[in-house]
Amino acid sequence: MSFIRTVLGDISPAQAGITYAHEHLIIEESFPTLANPDFRLNDVDKVAAELTQVYAAGGRTMVDTMPANCGRNVLKLAEVSRRTGIQIVAPTGIHLEQYYPLSHWRYQYSEDQLTRLFIADVVDGIDRYDYNGPVVVRTPHKAGMIKLATGDDPISPHQELIFRAVVNTHRVTGVPILTHSNAGRHALAQAEMFDKLGADLKHVVISHVDRCQDVAYHRELLKTGVRVEFDSAFRWKTGEENGTYRLLEQLLPDFPDQITAGMDAARNTYWQSYGGSPGLTYLLTTFRDELDQRGLGAYWDRLMIGNPTALYSFATS
């Protein structure tokens, strides 16, 4: 039986409803926030206030994407979910190298050690201390997604090790995979790597690719069978063409089942509850209205319900 794993337990895919495919809901004080103070999203009251607005506007499920030991706090994710009714998928995996000190254990552990750590997050529960110390106390809150990331440079040997550990975990548990790309760079190489390692590409999504405006590249990527996530609709500057909507117009007719959407609102300056804008209801208001105006409204249910629900359901043989 297929299921989606949330911090408060497994749910039927039919329960997911409107789903934000890539968010940052909690970012605790951590190495990433030292260099980026506006990444700090650790006030449960403010986060819950924002997600209450999302729920009132129709949102039901959100995927948090801050993985192991770089700001993840699964206890706060669970508390926000309880308060708001938003079903939250918590991550495991590893983010970009820049979000970890050079002495971090990610550079010391073997493929097998990383695989076992990730599997434990999915099967047993995420450490309440997020692997910040020698003591590990597993909570009942399990990971429902596994993440990796590549940057501007070609995939490195260290990143290949992360790929192998992530795919090992995916193949053992069925957990879906999400990746970070820098504006779509190396997205095709990511898809090819996953295919070579035996991942089920229907349960792999490559994020942030709408910053790449090469339609032919998107078509080549989508022909691999992988899913993509667009999250830059609110980032395009006033006066310039909105490249996200342009891509949706070009790609949705031919690839209606492979595109998902989110906001990746990792800065508190994007949150109304922190005094920023546009707020996390953007997808349910401005974004949806724009799709309707461009004649894309018929794709809404696939983009925001059907596609992310299929993606984030655990892969079953």
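The buried residues of helix H6 (residues 187-197) are covered by elements that include strand S7 (145-149), helix H5, strand S8 (177-180), strand S9 (204-207) and helix H7 (215-222), where contact means heavy atoms within 4.5 Å. Helices (H or I, at least four residues) and strands (E, at least two) are DSSP runs, numbered from the N terminus. The residues of H6 that are buried are Ala-187, Leu-188, Gln-190, Ala-191, Met-193 and Phe-194, with buried meaning under 20% relative accessible area, exposed over 50% and partly exposed in between (1.4 Å probe, protein chains only). After H6 comes Gly-198, which has a positive phi near 90°. The model is a predicted one, in which local features need pLDDT of at least 70 and side-chain atom pairs count only at pLDDT 80 or more, whereas totals for chains, interfaces and linings use all residues. Residues are numbered from 1 along each chain as its sequence is written, and side-chain values use heavy atoms, with hydrogens and water left out.

Helix H5 (residues 157-173) contains Thr-169, which counts as buried because its relative accessibility is 0%. Beyond residues up to four places away in sequence, Thr-169 touches Thr-115, Phe-118, Ile-119, Val-122, Ile-146, Gly-174 and Val-175. Another threonine, Thr-6, is located in strand S1 (residues 4-6) and is buried, its relative accessible area being 5%. A polar atom of the Thr-6 side chain lies 2.7 Å from the backbone oxygen of Gly-9. When neighbours within four places in sequence are set aside, the contacts of Thr-6 are Ile-11, Gln-87, Ile-88, Val-89 and Lys-142.

Two loop residues were also examined. Ala-233, in the loop between strand S10 (227-230) and helix H8 (243-251), counts as buried at 8% relative accessibility. Its C-alpha atom is separated by 5.2 Å from that of Thr-244, although the two residues are 11 residues apart along the chain. Tyr-270 belongs to the loop between strand S11 (259-261) and helix H9 (286-293), and at 19% relative accessibility Tyr-270 counts as buried. Excluding neighbours within four places, Tyr-270 is in contact with Phe-234, Arg-235, Ala-265, Gly-276, Ser-277, Pro-278 and Gly-279.

With regard to cysteines, the whole structure contains 0 disulfides, a disulfide being a pair of cysteine sulfur atoms within 2.5 Å. Cys-70 is buried at a relative accessible area of 0%, and Cys-212 counts as buried at 17% relative accessibility.

The largest pocket has a volume of about 490 Å³. Of the 25 residues that line this pocket, Tyr-99, His-180, His-208, Asp-264 and Arg-267 are the closest to its centre. A pocket is an open set of points on a 1 Å grid over the protein atoms alone, where a 1.4 Å probe fits, with protein on both sides within 12 Å along at least five of seven lines, and lining residues have an atom within 4 Å of a point; grid points are joined across faces, edges and corners, and the volume is the space filled by probe spheres set on the points. The second largest pocket holds about 200 Å³ of space, and its 18 lining residues include Ser-30, Asn-69, Gly-71, Asp-130 and Asn-132, which lie nearest its centre.

Notes
Polar contact = N/O pair within 3.5 Å; in protein donor to acceptor, adjacent residues only side chain to side chain.
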